[in-house]
Structures are given as structure tokens and as C-alpha cells.
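Work through the exercises below with the sequence and the 3D view open. Try each task before reading its solution.

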Amino acid sequence: MSGHFRRSGDRRPEPHGVKGIILAGGSGTRLYPATLSISKQLLPVFDKPMIYYPLSVLMLAGIRDILIISTPRDLPMFEALLGTGAAFGINLSYAVQAEPAGLAQAFLIGEEFLAGGPAALILGDNIFHGDAMGAKGHMAATAAAAGGATVFAYQVEDPERYGVVSFDPETARATSIVEKPEKPASRWAVTGLYFFDSDVTAIAHALKPSARGELEITDVIRAYLDRGDLTVNRLGRGYAWLDTGTHDSLHEAGAFVRTIEHRQGIKIACPEEIAFDLGYLSADAMLDRAATMGKTGYADYLRRCVQDAA
């Protein structure tokens, strides 16, 4: 997933003090009836729950303190699935989003958790894949700890559905960000992965709701753009950013993961493997975790990770 760490090379990243937030709220109405009684972020994307994918992105970026925000109905199910995070060598906290009021609301809900520090926010239904994605995430987190913001952009066929970023042709620096423009100035869409410095909570507090009554993440990004502290990292060839908001896109994401895993024999977004590679879990802890997975291919894979490292 997002930069599969090789046991012979990359090991535990240097600490940067950035905490992570996974926003896994919403009602998932576009996936009805599948989401009438369960969060879409708990639905499977091929062989694992959807939330494993954004969780893995944050872990690969070297983030170990993570807050999961969801609805009052769904939050207990996330806690039952993920627990304290000990199974992955990380620390998980949980918070309720009573009513969705924009992505930037996550920083207000997570204010106490962030404690005035830098933050990474990822949407619970976003899937990223690319060999260097982990390194890119860690670099963005390190930069956020030092000051400023980093977001990731990806070329899409339908940019009018997203926040669109334009670039200066000479300097390649971002010049504007427009939310769902009628006439997009580029095909570069801002993805659901954001890294912000310690000013982000104050910026979120100063926001006014948009015309649709939400605290827009685009306005947070624009605040950093206006002060010259924004880096836009363009994900080009060799990267995948997958949407899971409709039945078709959810199926396509599962097919993508299945194809890669079957072809290469490695899993995308296996948090236990990432934790093991980064030194967060011991071999014994991996084997204990495998034992809880029963007679499954996932359990066999965890055992194989230990055997390959021996």
C-alpha cells in the first residue's frame, strides 16, 4: 500500500510529532441499501475493511497517534474492529461527529486530541497506492511539523466534482484552489489527504460556513496558499487514488486491490505488516495476531511475513 516498506531497507521512520485524524463519518447514501445499517468505511474493499486503507497511509507516514471520527451509530463498531490500536502497534482514540458540517470540522472535533500540534487528515473512504507513497507521507508530515501545509493532487477526468488546483506554468507552484468549479482551470484534483502545521485548529475556528453550510477544507488550504505556506505534491504516473463512493467505484477498487495482491503476492494496506516492518510489532505479536484471524488467507499472510523476515 502506499509505499510497501521492504524489510531489507526502510525501517522505523524518524519521529515528527504529527497526529493523524481519520474522518469516517457521513451516511453513505450513495451506497444504499448496503449502508443502511453500517458505515461505508466498514465495508470490505476486497479482503479487508475500507478503513484499513487510510489507516495504513497514516502509519506509513510515521504517525502512531490517530483519532477516528465517526457517527454516534457507527463509532462503537470502529472501536470493536480496531480497539486501542495495540494490534497494530499504534494508539487509537475515538470521537463522535454528531452532524456532518464539512471536512474542516474534524479539527474542531479533534482539538483536544491535537493539543495545539500539527495534524494529518485523511478521509476514511480514500485509497492511495504507490511505491513511494509512504515516503511522500512522511516527508509531508515532517514538513508540517516544521511549518506549513502539504496536500496531494491527482489528475482526474471529471475535475468539476473536486477541489481543483491550478499551477504557475513557470514555477509549478499552486496559484489557486477552487471547490467544484463549473469550468475547471486544470484536471488536478485535491485528494483526501492533508498535512497541516500547528496553526490548523486556529484556522478552522476562524472559518465561516460556506453557502452549503459547511466548513470547507478548501478554505483551510487556501489560508496556507494565501500566506505562501502551501506545498502541492502531484501524484503522477505510478500512483492510484481510488474513490469508493458508489457501488461501481467500490467494486472497481476491490478489483484493483485483488489484481495487485494476486499478481505480486503482497497485500495492500495490511496494518499488521506495516507495524512489523516499522518495528512496532514483534514476531511473536504477529503470530499471536495471526492466531486470532482463524483459518484465513490473511492469517497465513501474517505468518508468511514473519517467516520471510527470519
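Predicted model: local features only at pLDDT ≥ 70, side-chain atom pairs only at ≥ 80, totals over all residues.

**Exercise 1. Describe helix H8: what is its span, and which residues are buried?**

Solution. 
- H8 runs over residues 247-264, 18 residues in total. From first to last C-alpha it reaches 26 Å, close to the 26 Å expected at 1.5 Å a residue. The expected span is 1.5 Å times one less than the number of residues.
- Ser249, Leu250, Ala253, Gly254, Val257 and Glu261 are the buried residues of H8.
- These residues lie on the same side of H8, because they cover an arc of only 140° around the axis. The arc is that of the directions from the helix axis to the C-beta atoms.
- Exposed residues on the other side of H8 are Asp248, His251, Glu252, His262 and Arg263.
- Packing partners of the buried residues of H8 are strand E2 (44-45), strand E3 (48-49), helix H1 (52-60), strand E7 (127-129) and strand E13 (240-242).
- Ala255, also in H8, is partly exposed at a relative accessible area of 34%. Its C-alpha is 7.0 Å from that of Phe46, 209 residues apart along the chain.
- Just after H8 comes Gly265, with a positive phi of about 75°.

**Exercise 2. Treat helix H10 likewise: which residues are buried, and which are exposed?**

Solution. 
- In H10 (residues 283-292), Met286, Arg289 and Ala290 are buried. Their arc around the axis is only 100°, which puts them on the same side of H10.
- On the other side, Asp284, Asp288, Ala291 and Thr292 are exposed.
- The cover over the buried residues of H10 includes H1, helix H9 (271-277) and helix H11 (297-309).
- Gly294 follows H10, with a positive phi near 70°.

**Exercise 3. How many aromatic pairs does a search of the whole structure find?**

Solution. 
- The search finds eight. Rings of Phe, Tyr and Trp (its six-membered ring) pair if their centres lie within 6.5 Å; planes under 30 degrees apart count as stacked, over 60 as edge-to-face and the rest as tilted.
- One of the pairs is Tyr162 and Trp241: the centres are 5.4 Å apart and the planes at 55°, so this pair is tilted.
- Tyr162 sits in the loop between strand E8 (149-155) and strand E9 (163-167), and Trp241 in strand E13, so the pair ties together parts 79 residues apart in sequence.
- For Tyr194 and Phe196, the centres are 6.2 Å apart and the planes at 10°, so this pair is stacked.
- Tyr194 is buried at 4% relative accessible area, and Phe196 is buried at 0%.
- Phe107, Tyr194, Phe196 and Tyr224 form one aromatic cluster.

**Exercise 4. Find the largest nonpolar core: which residues have the most contacts inside it?**

Solution. 
- This core has 54 residues, and Leu55, Leu82 and Phe195 have the most contacts inside it. A nonpolar core is a set of buried Ala, Val, Leu, Ile, Met, Phe, Trp, Tyr and Cys residues joined through side-chain atoms within 4.5 Å.
- Not counting residues up to four places away in sequence, Leu55 touches Ile22, Ile66, Leu82, Phe88, Ile90, Leu92 and Pro271.
- A second, separate core has 36 residues, among them Leu114, Val151, Val165 and Leu215.

Terms used. Residues numbered from 1 in each chain as written. Heavy atoms only, no water. Helix = DSSP H or I, 4+ residues; strand = E, 2+ residues; numbered from the N terminus. Buried < 20%, exposed > 50% of the residue type's maximum accessible area, 1.4 Å probe, protein only. Contact = heavy atoms within 4.5 Å.
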